[in-house]
Amino acid sequence: MSRTTKNYLVLALKGMAMGAADVVPGVSGGTIAFISGIYEELLQSISNININLLKTLKKEGVKAAWKQLNGNFLLALFSGIFISILSLAKVISWLLENHPILVWSFFFGLVLASVIYIGKQIKKWNALSVGLLVLATIVAYTITTLPPLVSESSSNSFLFLSGAIAVCAMILPGISGSFILVLLGAYKPILNAVSSRDIVAITIVALGAVVGLLSFSRILKWLFANYKNYTLAALTGFIIGSLNKIWPWKKVLTYRTNSHGEKEPFNELSISPFSFDGDSQLIYAIILSIVGFSLIILLEKLAVKK
């Protein structure tokens with residue numbers, strides 16, 4: 001595929017959007033990749049990292065191997081992701097701490113529109129596709145209700161495993177890699193490593209992510225190639241089920257004390273904004289939900305026009 005410099009800048013911006021989404025525990029970068037029209041190319045490009053690529057490198061040189069890899073695409077996209085994660089980690093953490101309802105409202109509207117967008121890609125509905133959608137919805141919803149682990153280990157093996165598991169969720173629309181890290185008890189150690197530029201810890205997590213990404217992308221690529229309709233139905237279900245996690249209004253059931261001696265929510269329950277204890281910010285929340293929803297519709301219209 002021939003791309004101009006402008007195209008690669010747009011790809012980098014899409015990568016930044018994916019990175020921003022992945023920092024939020026509840027929103028999947030895979031969802032952003034899907035709605036921005038690069039999901040299947042991303043899976044294909046990652047799957048190109050294999051033995052054949054090494055053979056091409058040996059026989060035909062770097063240029064041929066880079067082309068086979070679709071290297072320009074991956075470089076632009078992952079540059080955007082890393083820039084976003086490194087630059088927005090602190091900002092998004094601050095926003096989630098100080099304006100959680102408004103942040104979740106925006107992402108709720110965005111992800112809700114994504115359900116419609118991805119659901120429309122399903123060409124044929126039958127009993128199996130409906131069953132997969134329902135099953136995936138139940139699984140994703142159940143995951144969002146699981147309590148996070150209390151232990152927040154930072155051992156090398158734990159960080160490696162966390163990176164491998166989380167990256168699978170990251171490229172799976174609907175399941176947030178950050179949220180999986182929260183469940184594993186690895187979110188804060190990794191976020192702290194990024195914020196403090198702990199190169200060793202970041203490298204270990206990255207190696208785990210590479211192993212997980214290369215393995216899981218091949219499975220998804222095969223599913224899209226052979227069972228696209230059913231795969232889309234399951235992905236739609238995952239996204240529907242994940243909406244519980246990013247519902248803006250929560251009631252804290254239990255607290256825990258973190259490593260700094262501060263109390264923070266441990267278990268939460270989604271509630272009505274009218275039952276929320278405090279300022280529900282309902283009007284602003286609705287406006288931001290509409291903005292998030294409209295953004296996806298606009299992207300869809302632009303994609304169709306293109």
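Colleague: Is Trp 247 buried, partly exposed or exposed?

Modeller: The model is a predicted one. A residue is buried under 20% relative accessible area and exposed over 50%. Trp 247 has a relative accessible area of 24%, so this residue counts as partly exposed.

Colleague: With which residue does Trp 247 form an edge-to-face aromatic pair?

Modeller: Planes over 60 degrees apart count as edge-to-face. In the pair in question, the planes make 75 degrees and the centres are 5.3 Å apart. The partner of Trp 247 is Phe 108.

Colleague: How many residues apart in sequence are the parts that this pair ties together?

Modeller: Phe 108 belongs to helix α7, whereas Trp 247 is in the loop between α13 and β1. The pair therefore links parts whose separation in sequence is 139 residues.

Colleague: How are α12 and α13 oriented to each other: roughly parallel, roughly antiparallel, roughly perpendicular or oblique?

Modeller: Helices α12 and α13 pack with their axes 5 Å apart, at an angle of about 120 degrees. Roughly perpendicular covers 65 to 115 degrees, and roughly antiparallel requires over 145. The arrangement of α12 to α13 is therefore oblique.

Methods:
Residues numbered from 1 in each chain as written. Predicted model: local features only at pLDDT ≥ 70, side-chain atom pairs only at ≥ 80, totals over all residues. Heavy atoms only, no water. Axes fitted to C-alpha atoms, helices over the stretch in contact; angles between N-to-C directions. Helix = DSSP H or I, 4+ residues; strand = E, 2+ residues; numbered from the N terminus. Parallel < 35°, antiparallel > 145°, perpendicular 65-115°, else oblique. Phe/Tyr/Trp six-rings, centres within 6.5 Å; stacked < 30°, edge-to-face > 60°. Buried < 20%, exposed > 50% of the residue type's maximum accessible area, 1.4 Å probe, protein only.
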